[in-house]
Amino acid sequence: MLTKKRLSVSEYIQGILHSDRVMISRAITLVESELHTDQLIAEKVMEGILPYSGNSIRIGITGVPGVGKSTFIESFGKTLVEKGHKVAVLAIDPTSQQSRGSILGDKTRMENLASDKRAYIRPSPAGSTLGGVSARTREAMLICEAAGFDVILIETVGVGQSEIAAKGMVDFFLLLMLAGAGDELQGIKKGIIEICDAMVINKADGANLEPAKNAKREYANALHLFPEKQNGWIPQVKTCSAVEKTGLDEIREMIMGYRERMLANGYWENNRAGQRTNWLHEHIRYLLERSFFQNEIIKKHLDQILPDITSGRLSPIAKARELVDLFTKSKGDK
């Protein structure tokens, strides 16, 4: 059986910087790996490409079920590449909580964009990461930036908490909505509206054109009820048809206008600086949790106490503290 040769750190870095698509994919697979040896190599690769990253606009995209996210992203992506941009799409698919399997069908649904050499699409399973955003989306984003992609589109699974997680790694957050689906504001989480920088009513075509215009007015009125954003930006509401490809240029111009304004007032870099700090804290928590549950002493004690925890005979809070103390002591003994 043939096995792939393990690449060196420099081979990964050079491949990424030369926009080698195979190498980009292999590098993202590397950072997604749970193997300790792969993670050590991945850390060095990320350090090597870091100076070449950061030169893109990062756009988070989410939406209600049936809104046509994949169709929108494909049409919007095509609009961007036709304007001279290089576009990377990081599509985070839902992972089944029963089978732990993932659909990973976004590349198939975006066939036209996937075949365009100016675009790159990477579907990744959400896994068990908080909120459904891939644990390695940030690393994948930096790899794509170092490879020369200047627009990164991050599609969330749309399950509530994933939007909050995605907001913490993007520059602009876009919420796709539908018109004609009952009360326009029912079922929209207040927190999602608060974090979005724009709302776009998709499928504004045919018989749905007038309802979309009405929905636009309703959403715009609703957004004015929220406090002004720290960066001074007032969220806008747009309509578009991803199928008929109308309204997409207007959305692009809005986002680029946002970028110019945020660069001018200093918010752009301040926001990214805060995101880097949050990334550090998140990764520390990830490493600590991983180290905790892989600790042999902890594994042994967990097996012993779990029956009493599940039956209700022991307090989870008290035992959690005991386990953490035990873990700390085990590390101190080394």
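## A buried aspartate

D116 sits in the loop that runs between α6 (111-114) and β3 (119-125). The model is a predicted one. Is D116 buried or exposed? D116 has a relative accessible area of 9%. Buried means under 20%, so D116 counts as buried.

Which residues does D116 touch, leaving aside its neighbours within four places in sequence? They are R21, K78 and V81.

## The second largest pocket

Rolling a probe the size of a water molecule over the atoms shows where empty space is left. The second largest pocket has a volume of about 630 Å³. Its lining is made up of 23 residues. M46, L50, E139, L142 and W279 lie nearest the centre of this pocket.

Which element gives the most? That is α12, with six residues.

## Where α12 meets α13

Two packed helices are described by the angle between their axes and the distance between the axes. Helix α13 covers residues 296-311. α12 and α13 pack at an angle of about 65°, and their axes are 5 Å apart. This angle makes α12 roughly perpendicular to α13.

Which residues make the contact? From α12 come F292, F293 and Q294. From α13 come E296, I298, K299 and L302. By class, this contact has four nonpolar, one polar and two charged residues.

Conventions:
Residues numbered from 1 in each chain as written. Predicted model: local features only at pLDDT ≥ 70, side-chain atom pairs only at ≥ 80, totals over all residues. Heavy atoms only, no water. 1 Å grid on protein atoms, 1.4 Å probe; cavity = no way out; pocket = protein on both sides within 12 Å on 5 of 7 lines; lining within 4 Å. Points joined across faces, edges and corners; volume = space filled by probe spheres on them. Helix = DSSP H or I, 4+ residues; strand = E, 2+ residues; numbered from the N terminus. Axes fitted to C-alpha atoms, helices over the stretch in contact; angles between N-to-C directions. Parallel < 35°, antiparallel > 145°, perpendicular 65-115°, else oblique. Contact = heavy atoms within 4.5 Å. Nonpolar A, V, L, I, M, F, W, Y, C, P; charged D, E, K, R; others polar. Buried < 20%, exposed > 50% of the residue type's maximum accessible area, 1.4 Å probe, protein only.
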